[in-house]
Amino acid sequence: MIIAIDGPAASGKGTLGKKLAEYYGLRHLDTGLIYRAVAKALLDGGNRPDDMAAAVAAAKALDTSHFEDSGALKSQAVGEAASIVSAIPELRAELVAFQRSFAAKPPGAVLDGRDIGTVICPDADVKIFVTAAPDVRARRRALEYVALGKPADEAAVLADIRRRDARDMGRAAAPLKQASDAHLLDTSDMDISTAIRAVIDIVEAARAGRGRG
Ligand code: C5P
């Protein structure tokens, strides 16, 4: 089974993806970490995040066997750079094969990102588009920074989220959008356990509709 989860920054898709993978015994790939790893490599190397040649070279050099879900990759600066680098079509093209082969390996996987249901896994068994109001997402992201021991200015986080939403939805290459056959889940008024129950219900309903295929 392949489950595609897309949604804007801090919508909760990463947490939900991880929980769904645990629940169904599937592998999990947070594809944002790939773009973040490329962005961090560019920043560390003194390159600009819109440098196409450097971005493609960084993608080729990535260790795709392991993406460390570390505080360094989760920083606001790396997230901002990731949203710039990810608009480069040549970079996205370089990363397609890895993501598809990850999804295809048995027993299947949960992938979360921006273009999983639309570009990477258009034939996924279940597609879910997770969203939440920008101020709710900003509050959640600010709490994540606090948990990581980082300073968090909620107004600045909200401005960053709005900027990233605009960039991710407005770009020409694989823009963030809900696939026509994706289930919409708005988690604005849900706590995490309610949201987990809701995504499991979506998957169960989709499997029942397909004869549990
Ligand atoms: O999900 P996360 O915030 O970690 O993603 C960082 C950035 O990487 C996003 O703002 C987006 O621009 C980019 N991204 C993407 N396609 C994906 C996953 C992430 O363009 N599948």
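In what follows, Ala, Val, Leu, Ile, Met, Phe, Trp, Tyr, Cys and Pro count as nonpolar, Asp, Glu, Lys and Arg as charged, and the others, Gly among them, as polar. The structure is a predicted model.

On that division, the lining of the largest pocket holds 14 nonpolar, 14 polar and 18 charged residues. This pocket has a volume of about 970 Å³. Its lining comprises 46 residues, and those closest to the pocket centre are Gly14, Thr15, Asp30, Lys74 and Arg141. Several elements give two or more residues to the lining: helices H1 (13-24), H2 (32-44), H4 (76-85), H7 (134-147), H8 (154-170) and H9 (192-209), together with strands S2 (27-30) and S3 (109-113). Helix H1 contributes the most, with 6 residues.

The largest nonpolar core has 33 residues. Within this core, Val38, Phe67, Val85, Leu91 and Leu111 have the most contacts. At least two of its residues come from each of H2, helix H3 (52-60), H4, helix H5 (89-104), S3 and helix H6 (116-120). H2 gives the most to this core, with 7 residues.

Leaving aside residues up to four places away in sequence, Leu91 touches Tyr35, Val38, Ala55, Val56, Ala59, Val85 and Ser86. Another core, of 20 residues, lies apart from the largest one. Ile128, Leu185, Val199 and Val203 are among the residues of this other core.

Methods
Residues numbered from 1 in each chain as written. Predicted model: local features only at pLDDT ≥ 70, side-chain atom pairs only at ≥ 80, totals over all residues. Heavy atoms only, no water. 1 Å grid on protein atoms, 1.4 Å probe; cavity = no way out; pocket = protein on both sides within 12 Å on 5 of 7 lines; lining within 4 Å. Points joined across faces, edges and corners; volume = space filled by probe spheres on them. Helix = DSSP H or I, 4+ residues; strand = E, 2+ residues; numbered from the N terminus. Core = buried A, V, L, I, M, F, W, Y, C linked by side-chain atoms within 4.5 Å. Buried < 20%, exposed > 50% of the residue type's maximum accessible area, 1.4 Å probe, protein only. Contact = heavy atoms within 4.5 Å.
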